[in-house]
Amino acid sequence: MTTWILVGVILLLVIVVISAGVKVVPQSETRVIERLGRFHSVLPPGINFIIPFVDRPKIIYQRTVERLGNGRTYVKMVSTYKIDLREQVYDFPSQQVITRDNVTTEINALLYFQIVDPKKAVYEIDNLPNAIEKLTQTSLRNVIGELELDETLTSRDTINSKLQVILDEASNKWGVKVNRVELQDITPPESVRVAMEKQMQAERNRRAEILNAEGEKQSLILRSEGEKASKINQAEATKQSEILRAEGEAQAIILNAQAEADAILRVAQAVANTQTDPATYMLAMKYIDTLREMTSGKDTKTVYMPYEASSLLSSIGSIKSLFPAK
């Protein structure tokens with residue numbers, strides 16, 4: 001009976017020793033193994049064998065976020081021997097920073113990093129999560145302290161790039177690669193926000209007034225151009241009308257002159273066999289027409305004839321000689 005108990009104890013010890021010497025490492029994780037207190041190796045993913053009670057994993061700190069029942073969260077530091085090689089994200093709580101123009105602002109940031117050298121992450125820094133958090137906070141204060149509030153609100157990409165470069169250089173000796181930094185919220189004081197809202201409203205009003213003025217300006221320009229075009233068209237129409245009227249009058253004068261010339265020519269042909277002067281005949285006919293117009297009114301009129309006209313009347317009798325007696 002005692003022999004069986006002894007055999008059972010020995011088998012139990014063998015199982016314990018074997019289980020202690022076999023380490024299964026999941027994918028994207030690793031372990032730092034110390035042998036008798038000194039660094040020995042970094043275990044790759046899969047099944048690994050170590051010497052029990054001689055080799056042991058190095059314990060490190062890990063940052064975890066736990067959520068309470070009321071919806072709030074708090075950060076907790078736990079010790080573990082698991083080293084996660086995946087990209088990790090740290091959501092840092094809001095902190096107050098002072099800009100170059102002495103405005104206190106609350107800013108919270110997200111940090112994306114990855115452990116690329118587990119040995120350095122374990123032996124080069126005591127508490128890696130705490131060191132990364134403090135480094136991010138101090139670097140953020142330094143970067144924001146070089147900028148004014150307006151630059152801080154409008155230059156997030158620039159701030160993110162500067163922080164990423166600074167943190168990556170500082171954490172390189174810890175075996176950490178900082179991939180990117182993102183600013184989540186930038187919250188200035190209430191008085192500054194009210195002033196900024198008033199400034200933005202004033203800016204919007206100014207832009208609206210400028211747009212209205214530009215619209216009125218364009219309207220006046222278009223209206224004046226329309227009036228100008230209208231006046232030009234009217235002047236052009238008047239010009240064309242005057243030109244046409246002048247051309248019409250000129251044509252009428254030419255036609256009248258041609259008609260008179262034809263009349264004179266015919267009179268000259270008609271009186272060619274007489275002693276009458278054609279010009280005298282035409283003048284006498286004009287004189288008769290004028291007398292007819294002067295005496296055609298209904299009212300009694302007194303007509304005064306010049307003395308020189310009596311000599312002209314003497315030539316009217318010669319017109320009778322142009323027509324043969326019946």
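At 49% relative accessibility, Arg100 is partly exposed. The model described here is predicted. In this model, Arg100 forms a salt bridge with Glu151. The closest N and O atoms of the two side chains are 3.9 Å apart. This pair links distant parts of the chain. Arg100 sits in the loop between E10 and E11, while Glu151 belongs to helix H4 (residues 149-154). The two residues are 51 residues apart. Glu151 is also partly exposed, with a relative accessibility of 32%.

Thr99 lies in the loop between strand E10 (95-98) and strand E11 (104-115). Its relative accessibility is 3%. The cut-off for burial is under 20%, so Thr99 counts as buried. Neighbours within four places in sequence aside, Thr99 is in contact with Thr105, Ile144, Gly145, Leu147, Glu148, Leu149 and Thr152.

Two of these contacts, Ile144 and Gly145, fall within helix H3 (residues 128-145). Helix H3 has 18 residues. From its first C-alpha to its last, H3 reaches 26 Å. This is close to the 26 Å expected at 1.5 Å a residue. Asn127 caps the N-terminal end of the helix. A side-chain oxygen of Asn127 lies 3.3 Å from the backbone nitrogen of Asn130.

Side chains of opposite charge can pair when their charged atoms come close. The count for this model comes to 13 salt bridges. One of them joins the side chains of Asp84 and Arg86, at 2.8 Å from N to O. Asp84 has a relative accessible area of 18% and is therefore buried.

Another salt bridge joins Glu249 and Arg245, at 2.9 Å from N to O. Both residues lie in helix H6 (residues 190-270). They are 4 residues apart, about one turn of the helix. Glu249 is partly exposed, with a relative accessible area of 41%. Arg245 is partly exposed too, at 44%. Elsewhere, salt bridges that share partners join Arg100, Glu148 and Glu151 into one network. Glu148 is also among the contacts of Thr99.

Notes: Residues numbered from 1 in each chain as written. Predicted model: local features only at pLDDT ≥ 70, side-chain atom pairs only at ≥ 80, totals over all residues. Heavy atoms only, no water. Buried < 20%, exposed > 50% of the residue type's maximum accessible area, 1.4 Å probe, protein only. Contact = heavy atoms within 4.5 Å. Expected span 1.5 Å × (residues − 1). Polar contact = N/O pair within 3.5 Å; in protein donor to acceptor, adjacent residues only side chain to side chain. Salt bridge = Lys/Arg side-chain N within 4 Å of Asp/Glu carboxyl O.
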